[in-house]
Amino acid sequence: METPLTKYIKPNQAPLDLKEYEKTGGYEGVRKVLKGMLPDDIIGLVKTSNLLGRGGAGFQTGLKWSLVPKEKDVAGVRYLVANADEMEPGTFKDRYLLEGNPHQLIEGMIIASYAIQAEKAYIFMRWAYKKAEVIIKKAIEEAYSAGYLGKNILGSGYNLDLHLHTSAGRYICGEESALLNALEGKRGIPRAKPPFPATSGLFGQPTVVNNVETLSWIPHIIENGSDWFIKLSTSGEGGTKLYGVSGRVKKPGLWELPLGTTIREIIEDYAGGMQDGYQLKGIIPGGASTDFLIASQIDTKMDFASVRAAGSRLGTGTMMILDDKTCPVAFIHNLIKFFAKESCGFCTPCREGLPWVEKVLMKFEEGNATLKDIEILEFHTKYLGPGNTFCAHAPGAMEPLQSGLKYFKDDFLRHINEKHCPWR
Amino acid sequence: MEVAMVKIQIDGTIYEVKPGKNLLETCLSLGFDIPYFCFHPSLGSVGACRLCAVKKYANSNDKTGRIVMSCMEPAVDGLIISVKDPEVKAFRASILESLMANHPHDCPVCDEGGECHLQDMTVMTGHNYRRFDFKKRTHKNQNLGPFIHHEMNRCIQCYRCVRFYRDYAGGKDLNVFGSANNVYFGRHEEGTLESEFSGNLAEICPTGVFTDKTLKKHFTRKWDLTNAPSICVHCSVGCNTIASERYGSLRRVVNRYNGDVNGYLLCDRGRFGYEFVNSTKRIKNPQLRQSKESALEVKEVSEIIPKLSEALKSKNIVGFGSPRASLEANFALSKLVGAENFYHGISDKEYHFTKLCLQILTSGAVHSPSLKEVEKANAIFILGEDVTNTAPMLALAIRQATRNKSIEKAEKIGIPKWNDAAVRELAQNIHSPLFIASPYFTKLDELAETTYRATSEDIARLGFAVASYISNDAPSVDNLNIDIQNQAKRIADALKQSKNPLIVIGVQGNEDIAHATANIALALKSIDKKPSLSIALPESNSMGLGIMEGKPFGELKIENDTTLVILENDLYRRVEKSLVDNLLEKCQNIIVLDQLMNETSSKADILIPTGTFAESEGTLVNNEGRAQRYYNVYPAIEPIRESWRWIAELIRIQGKPEGNSWQKFDDVVNSMVVSYPIFSKIKEYLPNADFRMFNEKISRQTMRFSGRTAMNANISVHEQKPPQDADSPLAFSMEGYQGVPPSSLTPFHWAPGWNSNQAANKYMVEPNGELKGGNPGIRLIENTTDQQQSYYKNIPQPFKPRNEGLFIVPVHQIFGSEELSSNGEALSSRIPEPFIKINLKEATRYSIRSNDTVHLTVENIDVLVKVEIDASIPDGVAGLSFNLPGMPFISLPKIGVIKKS
């Protein structure tokens, strides 16, 4: 089984430095494209590879790049931004790549920048990734001194500056337009779309924002082609995926597996199954802002289409396990508390709705909830739905709640009837 | 410009609407009551509050539709929407439920109550029962200075305040802090709001977070106010206001929408200057000085008549008009004293400058733009004027004009102008070209492509050079250094390339600058451009007085038995003290008609109490040449009378026919148009007192006015008959027409369901558009005469620093340089100490430090001033705070000498 992204990552060891990375064939992709691939050739290749965005939304990367207007239509600088603001609860996949193989990301960014003719690129990184910060900084310096970054890269005439920006630390800054505002030094609040960043992005210029895992793929696609990429997955969506499992499993962790591996395989074969004495009750498949799946859906393939069909989203592919000894209400309350705190405060339903939901869930935990509170929760799952709010933050927050109310309604009712949390 | 209309379907009915607007504006224009918070017609949309939701359907087969925010949706052809779909109505009510979760339930003690947009929207959406049963979030309040009261708990986080204060008005010291459910709008620390437009927060804020602190001192609900359409009297821009009274005192001034002038906004001088009306310095009774040696004594009207009669018998009567008195009062005075004895009562510099400006504006080369037109300019050159301090709303309009380039850029890639955040994110710091030449730093400099620091001579030279680079026929300037030449070329190019070039000058400039400006205008005209010229004149009727015939101060000759009649004018603010002292000493009788005690009124022999703008009606001509009328908010209380009425009395005493024929205001207007045919347009445009709406007068009070039977019950239990108003079509009563009157007669903005100022939209054809029946005011100055013109050739010599002292230029202050507003309680606390600005080099030369108090001597006048070090002041130059209260008038620019005290 191929693991292109993580092949050279050795846990608890220093990442490959530039020389070592080059020995593994690193920066050959940059050499290849700068020697004779047209930007449109690269975009075409990435399009045919069907590389779907690994940040969670699964938008086709090549298509995103192709939306950047050509120089003749819109003048001025273009920007590429790597979204390394990984703050999704339960998610730690980008961190693995940032700490484990920084040059893979940088190479991907150089190729992506060239493809959209960007002269400036940024890595927007979560403030808490202190170790990754040191590693990325060093890698950028190495890449500059080796001539992969800066003016006239490898004598091609192509210039690219790459900067690392460490975020001030808000979840919402992982939303691409809020990220751009934050990068400009403004409040981290999302922007209205349209216009999309490809039209008006960083400093008002055409911009592409891609996830770290997405960008890390680019050198491999350049090297091995799109057919190879598509065949890596067990479904047609292409590539492998970093899957993670947290919760009461025997071996929580992170693995690179073909896209489309089933939840059962991931949990049982890689995470070692549930800890003794614990039953699987629910799965949040892709970070906190995705709907619960339940134990009976364990054979769902972890790819974008299959998880969607099962009623949730692949998201980041890093799942959280709910077991039978954990109160689902407390589980959801914990997530909602995070989302309420991380609301940017710009739009009404999210700013006012999430804290209300959080307070109501607290009431359940304290044993003071009534049937009316179920109504209030159900009301909010619709009220904070997509389109009603300014961005996807609150709708995402509602996903575990709405599915929790669907699958674990009895547990909510027990809190009401027993006037305390049955798990305490 | 004709635009093809588009068809949209709303709840099954097809409407033809203008394209390019958002759906919310469109629906409001069509009369639909769609609730909204974060949208404001002058600020555009950002989609934050989510209140203006409507249902949008993909096509006629789509029966489910989806919820969209109408403020973020363009009104495009074929659109199908519903505003009354049950799901969307429930969603809008939910937004209110969310907002009310934390909003205090104390409307009865909130200053906003009764004119609260949040109240209106809550009722409109139908949200009623409270489900949120937790504690409310609370905030601390800040002291934001004398103008604005802060109550953060009332905030609904619509972001309008910061969008107005920062994005629209360029303020820096109000911001939004925090995130999530703890968003705070205020300053980083307590302190006075710095923006000249901070008062608008009270109207922009849809709830009671920011309210008028001056109103709070004598609070009255909107519904209990008696209101009149008024015109701001504190600068020459002529912003439209609503002034309001209860119990005989003026309670507040708010915006009255005029799409051509001030839109939805006012500056702080205009909003808070009104307090002078209630000042303890008001002259409320006639006063008489028995002999030159004795003091003024309060008298009955009947007691001053004999004295007036005697004084007016004099063969030598001289009258001083005033740029802060109405056309009618000035005209009445000129009738009293005879046109040949009528003086304008302003400095000769100002007199000649105003006359020259009028000549330029009517010469046919240049258009006098409304503020709305200023906002459309796409290249602007300001010569010698700090408009932020002399005509603040003009500065605000210029600020908007500099956005035109970014709006064009956005529209090119399909981002409509109303998508406010998107336009700003795209455009970042792109501005339409603005060039500023002034002796010192001005607030607009931050938007300027280039700035040039110089005195009037050099600014005029730059202007002449610009003209010469536009047209070879304009005289060129010798000995101009290469940098200035390049700057002039750059300005010339920008003006030449612009579709709407605008030049701005003002009272701080001089005739040289006006000449240079005329040349630029003529040069632009010669290449088929249509240039505009905006002139910031000092006072509310400077232009109107300028149009009238009258003499400058310099031509005055005083005989020994002269009777001097001074109308609403403190001569000590016009010319040097020694000249006025000398003049007053020579006169036999000094009759002063004014509102406030000042240096001139305190020297009167006969002092006559006149009504302020709130107790009078009158016509003012703004700097654009737009004649507008203000109306009594409440009747002048005898013996206070309107100036024109008192002068009519004087004329009666004098025995001239007008004395008897001028009974009503319209009688004076009728006489005036005979003498000044140019003013006949005013008479045609503004309704006479006998104008009626459906046989009714227009009510000054809302139909909710309360306590009428009780408010004077402590004096008499018999309800008094409301005062009658024979001078205007307005009634001092809640009885009368309550609907939308002619725009110049709008006493308040109210519509069913709309108790807040947002009701103004119901008076318009479309939000931020023209008022129904046209915007108020009639333009008197049009550049229709196409006379043969020639270029001015009198280019001044360059400025050279003088050995004998510093060249002192006037620094006008928004707070302090205007007479009436300086007497307002809140505003007076914002007046700076008299100061002099010099650069560090000059400070070193005189070995003085920042904040030192120094003696400044200009000719024979010695003043104590505080030193401010300002790097922007050129060498050899100093800026002196101009005409602040307590400072003697100094005609500037002049050479002055600084000595350490």
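Domain bounds here come from an automatic or database domain assignment. The model is predicted.

**Domains of chain B**

Chain B is divided into four parts: domain 1 (6-84), domain 2 (284-366 + 540-686 + 786-794), domain 3 (368-530) and domain 4 (806-900). The centres of domain 3 of chain B and domain 4 of chain B, taken over C-alpha atoms, are separated by 28 Å. The two domains touch: 12 residues of domain 3 of chain B are in contact with 15 residues of domain 4 of chain B. On the domain 3 side, five residues are nonpolar, five are polar and two are charged.

**Domains of chain A**

In chain A, the assignment gives domain 1 (18-232), domain 2 (240-323) and domain 3 (328-418). The centres of domain 1 of chain A and domain 2 of chain A lie 27 Å apart, taken over C-alpha atoms. Their contact takes 12 residues from domain 1 of chain A and 17 residues from domain 2 of chain A. Two helices, α5 (93-100) and α9 (212-232) of chain A, each supply at least two residues of the domain 1 side. That side divides into five nonpolar, four polar and three charged residues.

**Where the chains meet**

Between the chains, 35 residues of chain B are in contact with 31 residues of chain A. On the chain B side, β4 (66-69), α2 (86-102) and α15 (420-427) each supply at least two residues. Helix α2(B) gives the largest share, seven residues. By class, the chain B side has 21 nonpolar, 10 polar and four charged residues.

**The nonpolar core**

In soluble globular proteins, nonpolar side chains tend to be buried together. Here, the largest nonpolar core has 389 residues. V81(A), L394(B) and V466(B) have the most contacts inside this core. Take V81(A). Leaving aside neighbours within four places in sequence, V81(A) is in contact with A121(A), Y122(A), F124(A), L179(A), L183(A), L202(A), T207(A) and V209(A).

**Helix α10 of chain B**

Helix α10 covers residues 348-361 of chain B. At 1.5 Å a residue, its 14 residues should span 20 Å; the end C-alpha atoms are 20 Å apart, so the two values agree. Its buried residues are E350(B), Y351(B), F353(B), T354(B), C357(B), I360(B) and L361(B). Their cover includes α18 (511-526), β21 (532-536) and α19 (542-547) of chain B.

**A three-stranded sheet**

One open sheet in chain B has the strand order β25-β26-β29, with antiparallel pairing. The edge strands are β25 (618-621) and β29 (778-779) of chain B, each pairing on one side only. Four bridges join β25(B) to β26 (residues 626-630) of chain B. Within that pair, G618(B) has Y630(B) as its bridge partner.

**Backbone details in loops**

The table gives the angles.

| Site | Feature | Angle |
|---|---|---|
| E638(B) to P639(B) | cis peptide bond | omega near 10° |
| L892(B) and P893(B) | cis peptide bond | omega about 5° |
| N50(A) | positive phi, not a glycine | phi about 60° |
| A180(B) | positive phi, other than glycine | phi near 50° |

P639(B) lies in the loop between β26 and α21 (643-654) of chain B. P893(B) sits in the loop between β34 (877-881) and β35 (894-900) of chain B. N50(A) is found in the loop between α3 (39-49) and α4 (61-66) of chain A. A180(B) is in the loop between β7 (175-177) and β8 (184-186) of chain B.

N50(A) has 18 other C-beta atoms within 10 Å, so it is partly exposed. A180(B) has 18 C-beta neighbours inside 10 Å, and therefore counts as partly exposed.

**M597 of chain B**

M597(B) lies in the loop between β23 (589-594) and β24 (606-609) of chain B. It counts as partly exposed because 19 C-beta neighbours lie inside 10 Å, while a buried residue needs 20 or more. Leaving aside neighbours within four places in sequence, M597(B) is in contact with K281(B), I283(B) and S602(B). M597(B) and D862(B) are 265 residues apart in sequence, and 24 Å apart in space, C-alpha to C-alpha.

Terms used: Residues numbered from 1 in each chain as written. Chains lettered and ligands numbered in written order. Predicted model: local features only at pLDDT ≥ 70, side-chain atom pairs only at ≥ 80, totals over all residues. Pairing = 2+ DSSP bridges. Expected span 1.5 Å × (residues − 1). Buried ≥ 20, exposed ≤ 12 C-beta atoms within 10 Å, placed from the backbone. Contact = placed C-beta atoms within 7 Å. Nonpolar A, V, L, I, M, F, W, Y, C, P; charged D, E, K, R; others polar. Core = buried A, V, L, I, M, F, W, Y, C linked by C-beta atoms within 7 Å.
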